[in-house]
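I opened my notebook for another structure today. Here is what I looked up, in the order I went.

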Amino acid sequence: MATGNINVSVENIFPLIKKFLYSDHEIFLRELISNATDATLKLNHLVRIGEAKLDIGQPKIEVKIDKDNQTLHIIDEGVGMTKDEVEKYINQVAFSGAEEFLEKYKDSDSKDTGIIGHFGLGFYSAFMVAGKVEIHTKSWKDEPAAHWTCEGTTQFTLEEGHKQDRGTEIILHINEDEKEFLEDHKINELLVKYNKFMPVPIKFGTKEKELPKAKDAKEDEAPKKVTVDNIINNPNPAWTKQPADLEQDDYKKFYRELYPMQFEEPLFHIHLNVDYPFNLTGILYFPKLTNDLSIQKDKIQLYQNQVFVTDNVEGIVPEFLTMLKGVIDSPDIPLNVSRSYLQADGAVKKISSYITRKVADKLKSLFNDNREDFEKKWNDIKIVIEYGMLSEDKFFEKAQKFALYPTTDNTYFTFEELKSEISETQTDKDDKLVVLYASNKDEQHSYIKSANAKGYKVLLLDSPIVSHLIQKLEQDNEQKVSFVRVDSDHIDNLIKKETEQISKLSDEEKETVKTNFESVVPKEKYTVQLEALDSEAAPVLITQPEFMRRMKEMQQTGGGGMFGMGNMPEMYNLVVNSNSPLVSKILKAKDDAKKETLIKQSLDLALLSQNLLKGEELTNFVERSFKMIK
Ligand code: ADP
Ligand code: MG
């Protein structure tokens, strides 16, 4: 038996291993299973190229808990190691790797430890949970087995072993304070988390399986059961296959495999598959999205060669697509570095723009292939698309072909279609196209109704970031288009080129009405203006200038940063219809008190129709109304 010292300059590296990966102890299992997988795949390869002439069948990996001895076993049927190889790969190479790794990260702050845990420490991470680690291994080559032990110091023993079968068994003598790693449910949880899609079957215990009933079985005969290996992973997940080999149903099945607790079906998927200039495979799903983006639990998962790495893909996937679900798998994404470095990495940038392009292409083909279906899905996907249009210029350009603008009566236009549709009717005196929109069909009902009656189209734009989007669209159209909410500044003024309606009131009378109103309503809140509208139209209207309201909304949804305006005051236009009989009545009212009541009442009714009458004002209105009908 040989004993020796692992050759290191750092005096005692083991306490460091413990300290550094404190928050991420569990990754030891993933590391050891990754090694077992590598060893198995290496053997498969040797057999395939004819270098190892063996009948290996279907090698698997087994994880076993031995409660009596407080040990955890990871057993593979891979290439194994000779004694010389243990000396070389475990004592020298792996250790120097661990040493270098710790040296590099010993000064990084704790917030980065999650990333440290991603990859790098390999075999020696076993010492995070085990005081003593043993390796029993036998190489595929005809050489004696080897047995290595180390008790978490720089001393090890290496002797000839007694393992009979090819492969490697790692035995972890679990520390007193890491007992949870001897619990079935804990190990099962970790295997499912990290190894669900690893390429070699992983056995953890056994389970009962019902056999299909034999043809001649009696009606009431209980089904026969057999005990079979409990394989925790699917070694051939959908994303590793060619799109041509998969049906729609396979994608749906895989979605459920990925998110077993998710019952809602995805709307559609995008299969990613590229090997130049970087390697990337994966499947992204568009889920049904609600406006509440905070309740996102199932996230895109990042894998490296089928090993789960993280579900924090920030920096790798463009932000607007982090709302999607699915997997991406790439050996080309550097993992043991900080996020800010990641964002500057050339390969990662390319990956991010590749994903954006693929998503845009897919959306375009869905739109082209079945527009009707795309329109049906629009409400569930628009938030991602609109967000993407705002945040990525390339995506904005591509989205011109498929982004939709629905009207309040459910006709869907692309922006180009919309422009030609309304150019006749909705061009103002400066030749600007005026796009009317509503953000809420119920709240703005009366405005929509009267706009439609005049032959105008009204869009329904109700996502939370719409104010930003229309701002961008106006810019993109070089201010030749302006978006105006139906309840903003009175729309007739904006659009009509021809002569205005003739006012029934003289200029003098109009001035009187204006002063009457101004003496009753608060000046700092309302700008009173008289307009000659249809006599059937509402006598008094409240509008809020588009500009003011939009800036306010942009401030609320963030990212606007508009001219450093603090809290903007609430300002409204009070449009008084000089042709309304009620306004004539107000003008002619002899009694000042009566006049005031009429003005207050019409203002409140106008506010009420905009859902703006609240609190004390509402109480006063109700009291006044009761008095009036008494
Ligand atoms: P890495 O996997 O990045 O090479 P590790 O520290 O995880 O680093 O492992 C060090 C080396 O030890 C491996 O490269 C491999 O040569 C050897 N090794 C570890 N586990 C096994 C195993 N189960 N079977 C065969 N060789 C192994
Ligand atoms: Mg490894």
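Before the helix pairs, a reminder to myself: axes here are lines fitted to C-alpha atoms, for helices over the stretch in contact, and angles run from 0 to 180 degrees between N-to-C directions. Two packed helices are described by the angle between their axes and the distance between the axes.

**Entry: helix 18 and helix 19.** I took helix 18 (residues 592-609) and helix 19 (residues 615-629), whose axes cross at roughly 125° and come within 10 Å. Helix 18 and helix 19 are therefore oblique to each other, and their crossing is left-handed. Next I listed who meets whom. From helix 18 come T597, K600, Q601, D604, L605, L607 and L608, and they meet E617, L618, F621, R624, S625 and M628 in helix 19. I sorted the residues of this contact into six nonpolar, three polar and four charged.

**Entry: helix 8 and helix 9.** Which angle do helix 8 and helix 9 pack at? I found about 150° between helix 8 (residues 346-369) and helix 9 (residues 371-391), with the axes 8 Å apart. Angles over 145 degrees count as roughly antiparallel, so that is the label for helix 8 and helix 9. On the helix 8 side the contact uses L363, L366, F367 and D369, and on the helix 9 side R371, F374, I381 and I385. That set divides into six nonpolar, no polar and two charged residues.

**Entry: confidence.** I kept in mind that this is a predicted model. The protein chain has a mean pLDDT of 86, and 87% of its residues reach 70 or more. Residues 560-564 fall below 50, and this stretch has five contacts in the model beyond near neighbours in sequence. Where pLDDT is low, the predicted coordinates should not be read in detail.

**Entry: the whole chain.** I counted 19 helices and 22 strands in the protein chain. Of its 630 residues, 49% are buried. For contacts with a separation of 6 or more, 72% are between residues 24 or more positions apart.

Entry: Most residues other than glycine have a negative phi, and most peptide bonds are trans. I noted a cis peptide bond between Y276 and P277, with omega about 0°. P277 sits in the loop between strand 10 (268-274) and strand 11 (280-286).

Then I looked up two positive phi values. N410 has phi near 65° and lies in the loop between strand 15 (405-406) and strand 16 (412-413). Is N410 buried or exposed? Its relative accessibility is 52%, so N410 counts as exposed. D431 has phi near 70°, in the loop between helix 11 (415-422) and strand 17 (433-438). At 53% relative accessibility, D431 counts as exposed.

Conventions
Residues are numbered from 1 along each chain as its sequence is written. Chains are lettered from A and ligands numbered from 1 in the order in which they are written. This is a predicted model: local features need pLDDT of at least 70, side-chain atom pairs count only at pLDDT 80 or more; totals for chains, interfaces and linings use all residues. Side-chain values use heavy atoms; hydrogens and water are left out. pLDDT is the predictor's confidence in each residue, from 0 to 100. Contact means heavy atoms within 4.5 Å. Helices (H or I, at least four residues) and strands (E, at least two) are DSSP runs, numbered from the N terminus. Angles under 35 degrees count as roughly parallel, over 145 as roughly antiparallel, 65 to 115 as roughly perpendicular and the rest as oblique. A crossing is left-handed if the near helix is turned anticlockwise from the far one by less than a right angle, and right-handed if clockwise. Ala, Val, Leu, Ile, Met, Phe, Trp, Tyr, Cys and Pro count as nonpolar, Asp, Glu, Lys and Arg as charged, and the others, Gly among them, as polar. Buried means under 20% relative accessible area, exposed over 50%, partly exposed in between (1.4 Å probe, protein chains only).
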